[in-house]
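Grab a pencil and work through these exercises with the structure open beside you. Try each one before you read its solution.

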Amino acid sequence: MRLVFLGPPGGGKGTQAEILAEKRQLPAISTGQILREAAQSEILGPVVRRTIDEGNLVPDNLMIRIVEDRLRRPDCRRGFILDGFPRTVAQADELGRLLDRMGLKLDGVILLKVEEEQLVKRLAERRVCSRCGATYHLTSRPPERPGLCDRCGGALKQRDDDREEVVRERFRTYREKTLPLVDYYAARGLLHPIDGDQPIDQVARAIEEALAHLDGPSQAPDGHQGPSPREAAAGQG
Ligand code: ADP
Ligand code: ADP
Ligand code: ZN
């Protein structure tokens with residue numbers, strides 16, 4: 001299964017992509033995480049770091065190269081979950097062309113919808129592991145031991161770009177550059193809008209329900225077919 005997770009900063013893309021990746025044994029590819037790692041490198045580092053910390057987007061041509069390189073790795077053969085890519089119409093066009101060249105198709109786009117007021121609270125209390133990148137929240141998803149990652153014991157920290165001034169800029173960037181992708185993917189019958197303002201496990205269940213229709217009739221033993229993605233998306237948008 002090849003999926004894109006779309007949504008505003010703090011919408012829950014990373015959290016849900018990880019949950020689904022675990023369940024389906026697919027790689028969750030976070031371009032934000034790849035870039036935070038690239039930000040440590042000597043050559044690309046300073047430019048990438050500055051772009052992220054200003055709440056802007058890294059140039060499309062660099063992003064598509066990063067993603068192509070990643071999608072061509074063998075672990076993506078069974079499918080993948082893209083978290084945070086594409087973020088512009090140009091990136092979406094390029095992704096379409098790349099998949100065409102690889103003889104593949106996108107199965108669906110999960111849109112996580114959350115009000116901005118709620119997002120501000122989420123981002124203010126988001127903490128990430130400085131070692132493995134795992135995501136926590138001080139109240140809705142606290143680690144077992146305060147300040148330490150459950151998975152690897154690494155120190156939790158706040159992302160520099162989760163400071164309030166940067167967050168406002170990231171919302172602006174999202175509205176201007178990324179929101180057009182909602183219509184873009186709806187027009188292609190790929191969009192699955194999900195109410196992201198529910199507890200984490202309920203959002204995960206809603207995503208599973210949306211994807212159940214994608215698994216196709218081969219997995220429905222009684223031959224019952226759910227509504228097409230387009231029908232499922234209609235009336236929710
Ligand atoms: P969030 O989880 O808040 O949505 P990410 O971790 O996905 O943020 O991304 C962090 C930052 O990395 C973005 O604000 C942007 O600067 C950069 N970035 C991530 N993905 C992309 C992309 N597809 N195109 C351009 N820049 C990106
Ligand atoms: P994104 O990748 O879209 O920026 P994250 O998955 O990093 O979003 O989630 C942002 C913050 O909100 C994190 O601290 C995360 O633990 C928390 N969070 C994610 N989903 C929910 C939810 N459904 N309810 C409450 N908090 C959530
Ligand atoms: Zn960790």
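**Exercise 1.** In what order do the five strands of the open sheet lie, and is their pairing parallel or antiparallel?

*Solution.* Keep in mind that this is a predicted model.
- Step 1: Walk across the open sheet and you read β2-β3-β1-β4-β8, with parallel pairing.
- Step 2: Now look at the ends. β2 (28-30) and β8 (191-195) are the edge strands, as each pairs on one side only.
- Step 3: Going from one strand to the next, the twist averages 20°.

**Exercise 2.** Over how many bridges do β1 and β3 pair?

*Solution.*
- Step 1: Find β1 at residues 2-6 and β3 at residues 80-83.
- Step 2: Count the bridges: there are four, in the parallel sense.
- Step 3: Pick out one pair: Val4 has Leu82 in β3 as its bridge partner.

**Exercise 3.** Which strands does helix α8 lie across?

*Solution.*
- Step 1: Locate α8 at residues 180-187.
- Step 2: This helix lies across β1, β4 (108-113) and β8.
- Step 3: Check its direction against β8: the angle is about 125°.

**Exercise 4.** Which residues come closest to ligand 1, and which helix gives the largest share of its shell?

*Solution.*
- Step 1: Of the 20 residues surrounding ligand 1, the closest are Pro9, Thr31, Gly32, Leu57 and Gly84.
- Step 2: α2 gives the largest share of the shell, three residues.
- Step 3: Sort the shell by class and you get eight nonpolar, eight polar and four charged residues.

Note on methods:
Residues are numbered from 1 along each chain as its sequence is written. Chains are lettered from A and ligands numbered from 1 in the order in which they are written. This is a predicted model: local features need pLDDT of at least 70, side-chain atom pairs count only at pLDDT 80 or more; totals for chains, interfaces and linings use all residues. Two strands pair if DSSP finds at least two bridges between them. Helices (H or I, at least four residues) and strands (E, at least two) are DSSP runs, numbered from the N terminus. Axes are lines fitted to C-alpha atoms, for helices over the stretch in contact, and angles run from 0 to 180 degrees between N-to-C directions. Two residues are in contact if their C-beta atoms, placed from the backbone, lie within 7 Å. A residue is near a molecule or strand if its C-beta atom, placed from the backbone, lies within 6 Å of it. Ala, Val, Leu, Ile, Met, Phe, Trp, Tyr, Cys and Pro count as nonpolar, Asp, Glu, Lys and Arg as charged, and the others, Gly among them, as polar.
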